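Have a look at the structure, then read on.

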Amino acid sequence: MAFDFASCPDRRGTGAIKWDRWGALQATKGPATGSDIIPMWVADADFASPPCVVDALASRVSHGVFGYTSPSRDVAAAAAAWLGTRHGWAVAPESVVFVPGVVTGMNMFTRCVTSAPSDAHIVPIPSYPPFLSAPANCGSKLQTVEMRQEADGRFVLDSEALERVTNTNTKSFILCQPHNPTGRIFSKEELAMVANHCIKHGLYLLSDEIWADLTLTGKHIPFALCPEAAPLMDRVVTLYAASKTFNIAGLSCAIAVIPNPDLRKKFIAAGTGIVPHCNPLGLTASHAAWSQGAPWLDCLLSTLRTNQEAIAQAIKSCPKLAYHPPEGTYLAWIDATKWSPPLPSTPNTDATANPKATATATPSPTTNATAVTSPAKWALEWGVGVQDGADFGVPGWMRLNFACPPSMLSEALARLTSAFS
C-alpha cells in the first residue's frame, strides 16, 4: 500500500500548538519576507496518521459513547507484541501501566522515588525541557551532567562527569534514549556504564524510550536488554508510547513498563488524585498502530532519512553552522555557536541630511539592540520557527523538527541557509 509523505493536511487554525504559536507573524528578512513562519519546533509530525489508525478511530467514534475506559488486555498485549517484534524485548503484559503521556509518567516516577526535599535526580544536558523541571515539580533537586561532545560532533555520556555530580542525595538517573535533542542512540557500552553507575550508587533509573521506533541509523537497544542492567531491573521504569511514531500525541496515551510489582504500586500511587485515565480514543489509536502500523512506519522512516540527508547537505554550505546527523528521532540538533548576533542598525536621524528623520524614524523590531539575541530568534526573522537551544540547557544551538514533507523542509532550509550564510 502506498502512503503519502509528500504532502500534509493544513493544520493552521486547528488549535495545533506547533502551527498556532506565531499566529500571523511573518518573515521580516530575506527572500521569504512577508511569508508565514514555517514551524519546525515542537516534536510532532505534520504527516497524517496511518490509515489504520484513522479507520480505527472512525469506527470507535461511530459507537457514540466515550465514558471512562480501562485499557483492555488486548491493548497491553499489542504493546508487548510490538516491543517484542520491533525491538526483541519480551515484556510481560502485567508489567505494563498505562499513563496519559510520557511526561506524566516521568513526573510520577520522580514523585514515587523521592522521599525528602534534599533528594536529587540526575539529567544529562542538553535535555528535553520537561526533564529539567520534573524534580522541582515533586519538591526535589535537579542535578545536571553535561554530555561530552566528541570531535565528530556526537554527544556521548561521560562517566567521569557522572561520577563527579553523584552524591548521597542522588536518587535517580533520568535517561532519554534515543536522545532528545541530540538524536543519539546510545551504545551498549554507554548503557552498561549507566547501569553500573546506578548499581554502584543505589539509584533508580528512568528510561524514556518514546523515540525507540524512529531509528535512522544503527539499532535502538532497550535499556532492559542491557546485560549489565539485570541486577538493576527492580529499580527501573521504562516509558514508551506510539505517539511520536504514529503522530498521535494529542490522544494522550503511553505506557510504563515496570517489572517490579512493588515499584509498580508506588508508581501508580504517585498519580492518585492527579493523573487521569487514558482516554478511549488514545487507547484505540495505540492498539491500531501497534497492531497494523508497521508498513506505514517503514515508509515514514524512508522519508525521514531523505530529509535528514537534505539537512546535512544544506548545512555543509553554512560555515556558521555545524551538525551531526541524528541516529534516531526526527530532530536535527544544530550548532550555531559560531554565529554572532548582527550589529543593531541605527535609523538616520541626522537633521541636516534629513530634517524629517527625527520625527519619522521608528525602529523596527529587527533594528534595535535587543531584538536578536539567539540564533533561534534570527532564524525566526528569516521565516523558520526552530526551538532555542537554551530551552535544553545549551544556548547557541537550535533544534529543528524535520518530520514534514520534503518540499516544506526544502523551503525551510533555503531560508535557514540564507539566514546563516
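Let's start with helix H9, where Asp262 and Lys265 are exposed; exposed means over 50% relative accessible area, buried under 20%, and partly exposed in between (1.4 Å probe, protein chains only). This is a predicted model, so to speak of local features a pLDDT of at least 70 is needed, side-chain atom pairs count only at pLDDT 80 or more, and totals for chains, interfaces and linings use all residues. Residues are numbered from 1 along each chain as its sequence is written, and side-chain values use heavy atoms, with hydrogens and water left out.

H9 covers residues 261-270, and Leu263, Arg264, Phe267 and Ala270 are buried in it. Seen down the axis of H9, these buried residues fall within an arc of 120°, so they line one face of the helix; the arc is that of the directions from the helix axis to the C-beta atoms. Helices (H or I, at least four residues) and strands (E, at least two) are DSSP runs, numbered from the N terminus. What sits over those buried residues? The cover includes strands E2, E8, E9 and E10 plus helix H4, with contact meaning heavy atoms within 4.5 Å. At the N-terminal end, Asn260 caps H9, with a side-chain oxygen 2.9 Å from the backbone nitrogen of Asp262.

Phe267 turns up again in the largest nonpolar core, which has 100 residues: along with Trp290 and Leu400, Phe267 touches the most other members. A nonpolar core is a set of buried Ala, Val, Leu, Ile, Met, Phe, Trp, Tyr and Cys residues joined through side-chain atoms within 4.5 Å. Helix H11 (residues 294-315) gives this core its largest share, nine residues. Apart from this core lies another, of 28 residues, including Met147 and Phe392.

Most residues other than glycine have a negative phi, and most peptide bonds are trans. Here are the exceptions to look up:

| Where | Feature | Value |
|---|---|---|
| Ile125 to Pro126 | cis peptide bond | omega about 10° |
| Gln177 to Pro178 | cis peptide bond | omega near -5° |
| Asn247 | positive phi | near 60° |
| Ser252 | positive phi | about 55° |

Pro126 is in the loop between strand E3 and helix H5, while Pro178 lies in the loop between strand E7 and helix H7. Asn247 is in the loop between helix H8 and E10, and Ser252 is in the loop between H8 and E10 too. Asn247 counts as buried at 16% relative accessibility, whereas Ser252 is partly exposed at 29%.

Note on methods. Polar contact = N/O pair within 3.5 Å; in protein donor to acceptor, adjacent residues only side chain to side chain.
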